[in-house]
Amino acid sequence: MGLWTWYKCLGCLVTLAAIYRPAQSQNLSSTDINVVSWRLAQGATHSWEYGTRAQVLLELNAPLYSVFSPTPIPPPSEVPSDLTGPLSDVFNIAHTIVANRSYSNGNITGPQPLMSDASAGDPASIGVSVLLANWTGQGHADGLDYAGAARDQLEFLLTNVSRTSDGAISHRIDQTQLWSDSVYMVPPFLAYYGAMTGNQTLLQEAYNQIELYRKYLRDQNANNTWKHIELGSYGTDNGHWSTGNAWAAAGMLRVLGTINQSEFASSMQSQQSDIANWVQEIHDGMYLHLDSSGLFHNYADDPSTFMDASSTALLASTVYRLSLLWGVDKHVLTAELCRRALSAPTGTTVNVSMALVSSVSEPTPTSSSPPPSSTASGTPGMLHFTSDGWLTPVVDPYDFSDQGQTSPEGQAFILAMQAAWRDWAMERSQKAKVKTNDAVDTLSPSGSRMIVQALAAGILPLVLV
């Protein structure tokens, strides 16, 4: 057996050993994830909370119907029997919103949001679940007009909401104002509507909105991190709010995934490349400011602001997603440090600047989130979770300048991180298996036996890792 062949084979074995050795770092268990899911179900009451909850439940429990799935869009209209349960929470959200729409909006007809809100953008976040409910025939069972509700939401955005002179849709109803949050709420809905209906114009509009928001909010004097709020007569925020940057990156990736799985993927390659580059732009700027604790400050470049676990979780999820969608691994090791910090037990001392990442924990299977009648005990003994399962410390979701006690969106961000990491780790595992099999196949029979025997005895992982 040649030295180079041995070298290739051992390199693959190092990777496999790193992935499959017993977890030596922190990781949330399926029980922990269920508790987080239950607290999210309890706490979600606002439009963007409903929309974000629906999205992360797709990613975590029914990935076949997530835009991050390799399944083409539209997805299967007939729900597989094993996904009926996992999708029930998503469909329940769509049902509740559409059933109460007339009451919420004062019995108006025509273009209107899915629910009344001072934000023009936030209600659109629920639109993906409504479109999915329509596509899978939920209206035949409950008599609700999901298609009409989604169409009214679309027309409301395109015709009723004010815009900047160059076409950026306002995040607010009362004035033309742009918030970084809106990139998660509006463009993914526009893109999904376009992919589901074969309308490339809507997919292009989703891209256009991202491009325009980036034009106004990207701060080239701050390493391309995004400002939070621009324009309007009051309430602007030129600070680099960590959650706002995470919202923007996460929304862009949902649009990227949607375009990539649509029938227009090949004709929109340049748009996809732009979006991937813009996400990396945010990553490059944000991770310069990661605290040694593994968390971001509420304002990334302002260490006088409090630490925030929620933005840390969502941004980490976007690193894994960018790796999966576009093969960009630049910040994966840092995201791993953040994930481990967020999963650490009480009493753990975390110092990212001193850490060395050399392995990936084996994915832990996660079950569907508990139904509404379920009870959740909590997550005792966790550094960044309260004893009853709420992520901490977090920004107040209703006042971005203050630290909060509980945050439904923070719970959702933990689920987004867990789902993205699981998908990323599984893909990495599969690639490592293929490489190892290919390398072993090149060895002589005696060489192959030596490798197999060494693995069985545990010698190679101990020596090489």
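## The chain as a whole

The chain holds 18 helices and six strands. The model is predicted. Of the 465 residues in the chain, 58% are buried.

The chain exposes about 18,200 Å², and carbon and sulfur atoms supply 52% of that area. Among contacts between residues at least 6 apart in sequence, 69% join residues at least 24 apart.

## Helix 10 against helix 12

Two packed helices are described by the angle between their axes and the distance between the axes. Helix 10 covers residues 187–197 and helix 12 covers residues 242–260; the two pack at an angle of about 10 degrees, with their axes 8 Å apart. Because angles under 35 degrees count as roughly parallel, helix 10 is roughly parallel to helix 12.

Which residues make the contact? Helix 10 contributes P187, P188, A191, Y192 and A195, while helix 12 contributes G251, R254, V255 and T258. Sorted by class, the contact of helix 10 with helix 12 has six nonpolar residues, two polar residues and one charged residue.

## An aromatic pair within helix 10

Another aromatic pair is formed by F189 and Y193. Their rings are 5.9 Å apart centre to centre, and the 90 degrees between the planes make the pair edge-to-face. F189 and Y193 both lie in helix 10, four residues apart, which is about one turn of the helix.

Residues under 20% relative accessible area count as buried. F189 is therefore buried, at 0% relative accessibility, and Y193 is buried too, at 12%.

## A cluster of rings

Ring pairs also link residues into a cluster. Its members are W179, W241 and F400.

Notes:
Residues are numbered from 1 along each chain as its sequence is written. This is a predicted model: local features need pLDDT of at least 70, side-chain atom pairs count only at pLDDT 80 or more; totals for chains, interfaces and linings use all residues. Side-chain values use heavy atoms; hydrogens and water are left out. Buried means under 20% relative accessible area, exposed over 50%, partly exposed in between (1.4 Å probe, protein chains only). Contact means heavy atoms within 4.5 Å. Accessible areas come from the Shrake-Rupley method with a 1.4 Å probe; for residues, only the protein chains shown count as cover. Axes are lines fitted to C-alpha atoms, for helices over the stretch in contact, and angles run from 0 to 180 degrees between N-to-C directions. Angles under 35 degrees count as roughly parallel, over 145 as roughly antiparallel, 65 to 115 as roughly perpendicular and the rest as oblique. Ala, Val, Leu, Ile, Met, Phe, Trp, Tyr, Cys and Pro count as nonpolar, Asp, Glu, Lys and Arg as charged, and the others, Gly among them, as polar. Rings of Phe, Tyr and Trp (its six-membered ring) pair if their centres lie within 6.5 Å; planes under 30 degrees apart count as stacked, over 60 as edge-to-face and the rest as tilted.
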